[in-house]
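Please look over the sequence and the three-dimensional structure shown below before reading on.

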Amino acid sequence: MALGKHSQAMHFQARAGEKIRNPVLQAALQKARPLFVGKRVKGIASLAEDALDFEQLRTAAKNIRNRTLADLDVWLDIFEARATASGAEVLWARDGAEVSRLVVDIARRHGVTKVAKSKSMLSEEAHLNEALAEAGIRPVETDLGEYIVQLAGETPSHIIAPAVHKTIAEVEALFAKEHGRPLETRTSADIPAMAREARAVLRQHFLSAEMGISGANFLIAETGSAALVTNEGNGRMVTTLPKIHVVITGIEKIVPTLEDLATLMRLLPRSATGQSISNYVSLLTGTKRKGDQDGPEKTVFILVDNGRANLLGSDYQDMLRCIRCGACMNHCPVYFSLGGHAYGWVYPGPMGSVLTPLYTGLENALDLPHASTGCNQCGSVCPVAIPLPDLMHRLREEQHERGLRPWSERLALKAWAWIAGKPALYRWLASRVVRYLNWLADGSGRIQILGLAPAWTAGRDLPVSSSRTFHELYSARKKP
Amino acid sequence: MRLALYVTCLVDLMRPSVGFAALRLLEASGAEVFVPEGQTCCGQPAWSTGNRPLAIDLAKKAIVELEGYDHVVIPSGSCTDQIRNIYPRLLADDPAWGARASALAARTFELTSFLADVAKNDPVASDFNGCVTYHDSCKGLRGLGIKRQPRELLLKVRGLRLKEMPDCEECCGFGGAFAVKFGDVSTQIVDRKCDAITATGADVVVGGDLGCLINIEGRLRRRGDESTRVLHVAEVLAGGGAC
């Protein structure tokens, strides 16, 4: 698969170790985690002000998404017809390579030399910036976080907070270098000033870019519109100033009506940033009309499959409900121990642990479905009730069914299960294990180095409290 | 009422005192308690690794052993979740076994939820002089909805003070095989849990799942904390000298 070459998901273990040993990253993550969690708590609590209940609302949202996915082809046809009628063009892309080819073609035909981009994770799937640069077209990321990540030559580490892994000092170093000014000492009080500095630079790009590229949070079938949810206003610049606007989004992002959009919008910002509504919500339909002050002369929708259609009707269809809020990663103990880059592909956290193997190949991301404690903090906050741990578990089963688990693990499990099926043997072996552990602990009540499970004792002791198993003690007690 | 105590493989191996504490509490609650002899492991390790055939074998074995009782009680949210929520799913394609799995699931309870919600008599009559903080284990909390029950029971213990830690619902990083497959990630997660526990100043951290408790105790000791005690909720409720 073409995507495989870009994915680093097979190196999760090694990258996880690196991330844990990076104190700068750890400081950034530990600062961000309580903010994300706290903001969502407040956002969800605020539903009560409108007499809304989270569980009811998420059932409604889940139903909207399920209904749409059940007839996805129909809704896409309706969208295409309505969008075309309003003056937009609708193109279809099978994979990321086709997305890049279509965008580069449009850019070349219109003599585009610079593209202003608002945030699009799908453009990351397609490696669009690389393709544009190779074609001699300069892509400029205009979401502040994406701008920082682009300056650093990195990829986003979070789907809604792309630069969450960066500290203020790191951003200051990038800005000083890129903006050609001396380095200063910055604290969080300087963030507004740094944002202003970036805005001044980006303003020039908005005015000079001939093409704008955005994603879409939703496509609305009944109106042929794209809904765009942003906080910085860059989305409006990108979609109205350049003469061409290209919307790139996945085929699963469609909802039937504006009323459905309203339901989903009650949950999306609250789940993502805790806001009851984001600073900007744009509904973009067609092209600039007569009498309009601004707007693109040409609007192109590129609707992308890239593995999505394969999930329809599969054990993983629930995943297509995802509205990309980021709540699953914001509540994931694994994500907040590592940050997003450890996951190795576009999407991190629990949703990434499901999507990466599905979109890039099960055999190219063997660790990811196991990179979960099974705590279900993700599933319980998901605004469209995706059972993320169940999907990760199904991927584990598929690894087993396809013979992708290591032979040592299979053998060990088989031996253990065989013994567990024979109680007398199991009892006897358990009594030997307990004596062995007790001998290792040597009266200290703990084992500090255990050859059988070195990964356990690398970070913690193994408490040992008894020299007999429960069943030994219980049988002894029963005897008169 | 004939009641089966399923002690769990972890309690059998690592901390028999939890099994005896559960036994005492259940007897005090008015049940006739049996410890079925053939019990070994519920099969969760096979299930969570994705080995469905082995998980099914062990599920059937447990069903045969446990289905003859009015209730099955387990001092673990994790193993209870396996029997209540996973067994019926594992055996859903087999009508006969599926029905037996569902029948067993409906009669199976985690210890604190049984004592608080089902048991005839209140079994708690212990003293405990100290400040306790409670760690909600993931499967108990999010799989079975256990939150109120252990706290309700703990507050009946004379002299016990409960001080909640921030993020008491956060995972401790154990996750069974996860703690061994991704030992360094697990350590990073349990470190945050240890910070939260230490910040309460509590004398004891209490929980309902031995996996979490061994993980937390192991990390606290490795960090040099020799004083914070780590106890299963059954041990506190049953009082000292349960074994």
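Six of the seven residues of strand β10 (residues 298–304) of chain A are buried, so β10(A) is largely enclosed by the rest of the structure; a residue is called buried if 20 or more other C-beta atoms, placed from the backbone, lie within 10 Å of its own, exposed if 12 or fewer do, and partly exposed in between. Helices (H or I, at least four residues) and strands (E, at least two residues) are DSSP runs numbered from the N terminus. The model is a predicted one, in which local features need pLDDT of at least 70 and side-chain atom pairs count only at pLDDT 80 or more, while totals for chains, interfaces and linings use all residues. Residues are numbered from 1 along each chain as its sequence is written, and chains are lettered from A and ligands numbered from 1 in the order in which they are written.

| Strand paired with β10(A) | Sense | Bridges |
|---|---|---|
| β1 (residues 89–93) of chain A | parallel | five bridges |
| β7 (residues 244–250) of chain A | parallel | seven bridges |

A:Val300 of β10(A) stands opposite A:Glu89, and A:Val300 also stands opposite A:Val246. In a regular strand the side chains alternate between the two faces of the sheet.

The largest nonpolar core has 204 residues, and those with the most contacts inside it are A:Leu264, A:Ile302, B:Leu5 and B:Leu58; such a core is a set of buried Ala, Val, Leu, Ile, Met, Phe, Trp, Tyr and Cys residues joined through C-beta atoms within 7 Å. Leaving aside neighbours within four places in sequence, B:Leu5 is in contact with B:Ala22, B:Leu23, B:Leu26, B:Val33, B:Val35 and B:Val73, where contact means that the C-beta atoms of two residues, placed from the backbone, lie within 7 Å.

Chain A has 22 helices and twelve strands, and its C-alpha atoms fill a box of roughly 100 × 55 × 50 Å along the principal axes. Of the 480 residues in chain A, 46% are buried, and among its contacts with a separation of 6 or more, 73% are between residues 24 or more positions apart. The domain assignment, which comes from an automatic or database source, gives chain A a domain 1 (50–310) and a domain 2 (410–478), whose C-alpha centres lie 54 Å apart.

Which residues of helix α1 (residues 12–20) of chain A are buried? They are A:Phe12, A:Ala16 and A:Lys19, and seen down the axis of α1(A) they fall within an arc of 65°, so they line one face of the helix; the arc is that of the directions from the helix axis to the C-beta atoms. The cover over these buried residues includes α2 (23–45) and α15 (335–338) of chain A together with α11 (183–200) of chain B.

Two residues of chain A deserve a look at their backbone. Most residues other than glycine have a negative phi. A:His127, although not a glycine, has a positive phi of about 50°; A:His127 is found in the loop between α6 (121–126) and α7 (128–134) of chain A and counts as buried, with 20 C-beta neighbours inside 10 Å. A:Asn376, likewise not a glycine, has a positive phi of about 65°, lies in the loop between α16 (349–360) and α17 (377–381) of chain A, and is buried with 23 other C-beta atoms within 10 Å.

Between the chains, 49 residues of chain A are in contact with 50 residues of chain B. By class, the side of chain A that touches chain B has 24 nonpolar, 17 polar and eight charged residues; Ala, Val, Leu, Ile, Met, Phe, Trp, Tyr, Cys and Pro count as nonpolar, Asp, Glu, Lys and Arg as charged, and the others, Gly among them, as polar.

In chain B the domain assignment gives domain 1 (2–117) and domain 2 (127–238), with C-alpha centres 22 Å apart. Here 30 residues of domain 1 of chain B are in contact with 23 residues of domain 2 of chain B, and the elements giving two or more residues to the domain 1 side are α1 (9–14), α2 (16–28), α3 (44–49), α5 (77–90) and α7 (111–117) of chain B. That side has twelve nonpolar, twelve polar and six charged residues. B:Tyr87 has its place in helix α5 of chain B and is buried, with 29 other C-beta atoms within 10 Å.

Key:
Two strands pair if DSSP finds at least two bridges between them.
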